[in-house]
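I set down here what I looked up in this structure, entry by entry.

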Amino acid sequence: MTHELGFRNMGYKSHVDYVVKVARTLLTPIGIWPLYRGDSLSDKIKMYIQISLIFGLMCCLLIPHLIYTYFDAEQLIKEMKVIAAQVFSTLAIVKFWTVIINRKEIGYCLLEMERQYKEVECEDDLMVMVKSAKIGRLFTIAYLSLSYGGALPYHIILPLVAEPIVKDDNTTMLPLPYLSDYIFFVVETSPIFEIFFVGQIFVSSIILSTNCGVYSLIASCVMHSCCLFEVVRRQIDTIFQYETEENLRKRIYVIIDNHLQAIRYAEKIEQALNIVFLCEMVGCTIIICFLEFGVLVDWEDKETLGMMTYGVLMTSIFVNVFIISYIGDRLKEESELVGESTYSIEWYRLPSTIIKDLVMIIVRSNRPSRLTAGKIFDVSLQGFCDVCKTSAAYLNFLRTMVA
């Protein structure tokens with residue numbers, strides 16, 4: 001990018017830190033922050049050890065929980081209510097490995113974001129980028145607040161107030177946060193029970209951090225992609241500030257280059273994370289269905305705390321799907337608006353050679369950038385409506401099945 005009036009963004013590091021701070025804080029401790037490690041042998045060994053440890057802990061929580069649910073659970077209704085937690089944990093593992101596998105592509109997006117903040121052309125463009133960053137941060141805070149607000153009561157408070165489990169010797173014990181069957185361990189005696197109780201809360205916090213961290217990364221990168229198209233639109237709107245044909249031509253070349261950078265950035269995000277988008281849309285549909293079922297069951301049993309907990313969790317998942325759908329819709333809209341802005345200016349006042357270059361921008365904008373769920377369907381507000389309708393249909397089927 002060329003710079004107007006010698007503008008330099010000396011505080012670009014603080015701007016980038018503002019955009020990625022939440023995601024970096026959550027993903028660095030579990031070893032999957034894309035820019036966390038170097039390429040040396042020792043760094044790779046440390047990364048593999050950390051990844052193996054975190055993945056092993058996730059499996060130690062999820063696998064015994066699955067064994068209990070599908071082999072030991074006596075009540076079908078109770079089994080239905082815990083499936084949402086299992087799907088949520090499975091989504092976290094998918095996101096965990098997706099970020100690891102696509103580490104280079106995601107790292108490229110983060111480094112490119114830093115370069116674009118550093119080489120921003122003028123203060124007006126910077127304000128556009130900062131505004132999008134604030135929206136991304138707002139989305140992240142909203143999701144984190146709802147997720148932790150619902151998950152902490154689910155993992156800590158509900159087990160403490162739940163009906164005690166009667167053991168073979170007629171003594172009672174509290175249920176674990178995740179009802180599990182540890183084939184090689186007996187967790188009914190103290191202090192083994194307390195260790196597993198705290199351990200499950202710790203691992204569930206790791207799973208929650210994985211989901212929230214990847215979500216924050218998605219919100220930050222996609223909103224930055226949106227602002228790149230918005231910057232191109234602002235530059236098109238101010239094209240008449242350049243009077244001579246030579247300056248106009250140079251300006252058009254800069255705008256076309258910025259437009260191509262915005263398109264490539266959006267494509268990188270989509271290529272790296274389309275599997276995550278697919279898992280989010282499909283997985284959240286299942287989670288919402290079972291959480292709705294949990295709310296209805298606790299409503300009938302007059303379990304106010306459980307009903308409120310499932311309600312908050314359900315709201316957080318709805319917000320999650322809505323925000324991802326919204327930013328996908330906004331990305332498509334912003335890329336389309338580049339063509340509309342190009343057509344809306346007084347292009348007839350420009351030299352014919354310049355008009356031909358503008359036509360290329362309009363033609364390219366007819367194929368807008370978009371996020372897809374596994375290359376199957378677009379991530380959009382229509383997709384959010386489909387999730388709501390599908391989860392309601394599954395809920396009706398579920399109620400009919402257990403009635």
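I took helices as DSSP runs of H or I with at least four residues, and strands as runs of E with at least two, numbered from the N terminus. The model is predicted, so I note the limits: local features need pLDDT of at least 70, side-chain atom pairs count only at pLDDT 80 or more, and totals for chains, interfaces and linings use all residues. Residues are numbered from 1 along each chain as its sequence is written, and side-chain values use heavy atoms, with hydrogens and water left out.

Entry on Ile-269. I located Ile-269 in helix 7, which spans residues 245-300. I found Ile-269 buried, at a relative accessible area of 3% (buried is under 20%, exposed over 50%, partly exposed in between, with a 1.4 Å probe and protein chains only). Leaving aside residues up to four places away in sequence, I listed its contacts (heavy atoms within 4.5 Å) as Cys-109, Cys-221, Val-222, Ser-225 and Leu-371. I also noted 20 Å between the C-alpha atoms of Ile-269 and Gly-283, which are 14 residues apart along the chain.

Entry on cysteines. I looked for disulfides, defined as pairs of cysteine sulfur atoms within 2.5 Å, and the count by this rule was zero. Cys-109 is in no disulfide, as the nearest cysteine sulfur, that of Cys-221, is 5.7 Å away. Cys-109 is buried, with a relative accessible area of 2%. Cys-279 is likewise in no disulfide; the nearest cysteine sulfur belongs to Cys-284, 9.8 Å away.

Entry on helix 5. I placed Ile-156 in helix 5 and recorded Ile-156 as partly exposed, at 32% relative accessibility.
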